[in-house]
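Subject: Structure handover

Hi,

Here is the structure I promised you. My notes follow below it.

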Amino acid sequence: MEMESAGHEKAGFCRRWWTCLKALPDKLTAKVTEAASKIKKIGKDDPRRVIHSLKVGIALTLVSLFYYSRTLYKGFGDSAMWAVMTVVVVLEFSVGATLGKGLNRGLATLLAGALGVGAHHLASLSGGVGEPILLGIFVFLQAAASTFARFFPGIKARYDYGCLIFILTFCLVSVSGFRDREILELAQKRLSTILIGGSACVIIAIVVFPVWAGEDLHNLVAFNLEKIGNYLEGFGGEYFGTSEDEDCKEDKSFLQGYISVLNSKSTEESLANFARWEPGHGRFRFRHPWKQYLKIGTLTRQCAYRIEALNGYLNSGIQAPTEIRRKIKDICTTMSLESSMALNELALSIRKMTRSSAADPHIERSETAAKTLKTLLKSGIWEDTDFLEVIKVATVASLLIDVTNCTQKIAESVHELASVVQFKSVDPTLSPEKSQSSKVKLGAKVDCPEVSITVREPGPSSKENGNSQALTPVPRVVL
């Protein structure tokens, strides 16, 4: 019996292994297919990622010539490896990030190299016994001071990488100079290769399909406003259950758009820091008011926080009865739709960099509806209603009023940005696309008859004198 059970266990073990072995090709194929689909999705979401990867490969190939070419290698020696290392750590996705790191690395290397040479010279004057002691003191002082300086918010945001390179370069130059007496040549080669690597990164980042952090920040702020506007556009139908939105219940992705707005603070701040390093490009001049974009982004997130609270009341389990919601349905729907249209107009104004007052009428109507809603909430229509159910409706109404106030603040910030940047003014009755398409070139011939209009209108003085007013020809209009 024991032998039979052992044989069964061995057979079962072999079958399991055989089953796993047979399934192995299918599993490998599934893994490869999954990895390929992920790679395709990443590249499709932002094709600039593929281009950036190629740019890094090109830059590394170019600076590697310092090793491949004997002539260049004789001039720099082993220090040529610093050019390769510089490309690896400096070349970033955007031009601003590359410029920021490149300038930080170059200036920190130059300053720390000069101080390191000076520290080594001073320490050498103290003799063989005192030289290592003084070098240790100098390394301690600069490392402690530079590390403490990194805690300042302004330095942390823009010069943190420079502080790290400063500490590293000072230590390398001053400490290595204790054994290698040709310290000036060492510092000169290291600085030269770093500058060559950094220059290659900056040139490739600007010339080869540049990615501008300022433009990304500009589009991100406008896109976040559109997400908030899209949510508010569909909120009335979702909460009050209007028949117009029942056909679109399958596609509710717009209800989740505000989540990315809540998490956009770090991205906006990073893009703003990178954009400050960038030169003037396209529609953005040097020293563009990027802080104003951060202000708009902050107000947009405040609005998104209110929307997050509103989103909780879309759950049917905590909604007030339909007959209670119906009492504020029209006013709340008006507030939501008007705020939505205002935010979309503001987003379009930012995206097209045009100054338009098309959002102002929507804001005025939403504010009027908010005042009406406040009056309605204070009226006596809730006397025969359960107090707990009234609280739910009043909370939704209060949040919508807050959203309206946030929309007004966002509009003021956008108008301030338009004034500082001097956005192009357009006809408020036309969208930027229509205003461009509606222009007729001067001197163009159009097959349309000329129209001449004359108007006879007696003036007050002519009536008293009994004389008729002369014909007043209206200027001829050529269509």
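Gln 422 counts as exposed because its relative accessibility is 64%. (Exposed means over 50% relative accessible area, buried under 20%, and partly exposed in between, with a 1.4 Å probe and protein chains only.) Gln 422 is found in the loop between α18 and β2 (424-425). Its phi is near 65°, a positive value in a residue other than glycine.

Before you read on: this is a predicted model, where local features need pLDDT of at least 70, side-chain atom pairs count only at pLDDT 80 or more, and totals for chains, interfaces and linings use all residues. Residues are numbered from 1 along each chain as its sequence is written, and side-chain values use heavy atoms, with hydrogens and water left out.

Phe 209 also has a positive phi, of about 40°, and is not a glycine. Phe 209 lies in the loop between α10 (183-207) and α11. With 59% relative accessibility, Phe 209 counts as exposed.

Now the chain as a whole. The protein chain has 20 helices and 4 strands. (Both are DSSP runs numbered from the N terminus: helices are H or I with at least four residues, strands are E with at least two.) Of its 479 residues, 39% count as buried. The accessible surface comes to about 28,300 Å², and carbon and sulfur atoms hold 62% of that. (Areas come from the Shrake-Rupley method with a 1.4 Å probe; for residues, only the protein chains shown count as cover.) Take the contacts with a separation of 6 or more: residues 24 or more positions apart account for 78% of them. (Contact means heavy atoms within 4.5 Å.)

Next, two helix pairs.

Helix α11 (residues 213-240) packs with helix α18 (residues 387-421) at an angle of about 155°, and their axes are 13 Å apart. (Axes are lines fitted to C-alpha atoms, for helices over the stretch in contact; angles run from 0 to 180 degrees between N-to-C directions.) The two are therefore roughly antiparallel. (That term is for angles over 145 degrees; under 35 is roughly parallel, 65 to 115 roughly perpendicular, and the rest oblique.) On the α11 side, Leu 225, Leu 232, Phe 235 and Tyr 239 meet Val 396, Leu 400, Val 403 and Ile 410 of α18. By class, this contact has 8 nonpolar, no polar and no charged residues. (Ala, Val, Leu, Ile, Met, Phe, Trp, Tyr, Cys and Pro count as nonpolar, Asp, Glu, Lys and Arg as charged, and the others, Gly among them, as polar.)

Helix α13 (residues 265-275) and helix α14 (residues 290-312) pack at about 175°, with axes 10 Å apart. That makes α13 roughly antiparallel to α14. Here Lys 265, Glu 268, Glu 269, Ala 272 and Ala 275 in α13 meet Trp 290, Leu 294, Gly 297 and Arg 301 in α14. By class, the α13 contact with α14 has 4 nonpolar, 1 polar and 4 charged residues.

Last, two arginines.

Arg 326 sits in the loop between α15 (322-325) and α16 (329-352). At 52% relative accessibility, Arg 326 counts as exposed. Arg 326 and Phe 240 are 86 residues apart in sequence, yet 7.3 Å apart in space, C-alpha to C-alpha.

Arg 365 is in helix α17 (residues 359-378). Its relative accessible area is 41%, so Arg 365 is partly exposed. Arg 365 and Thr 334 are 31 residues apart in sequence and 8.1 Å apart in space, C-alpha to C-alpha.

Best wishes
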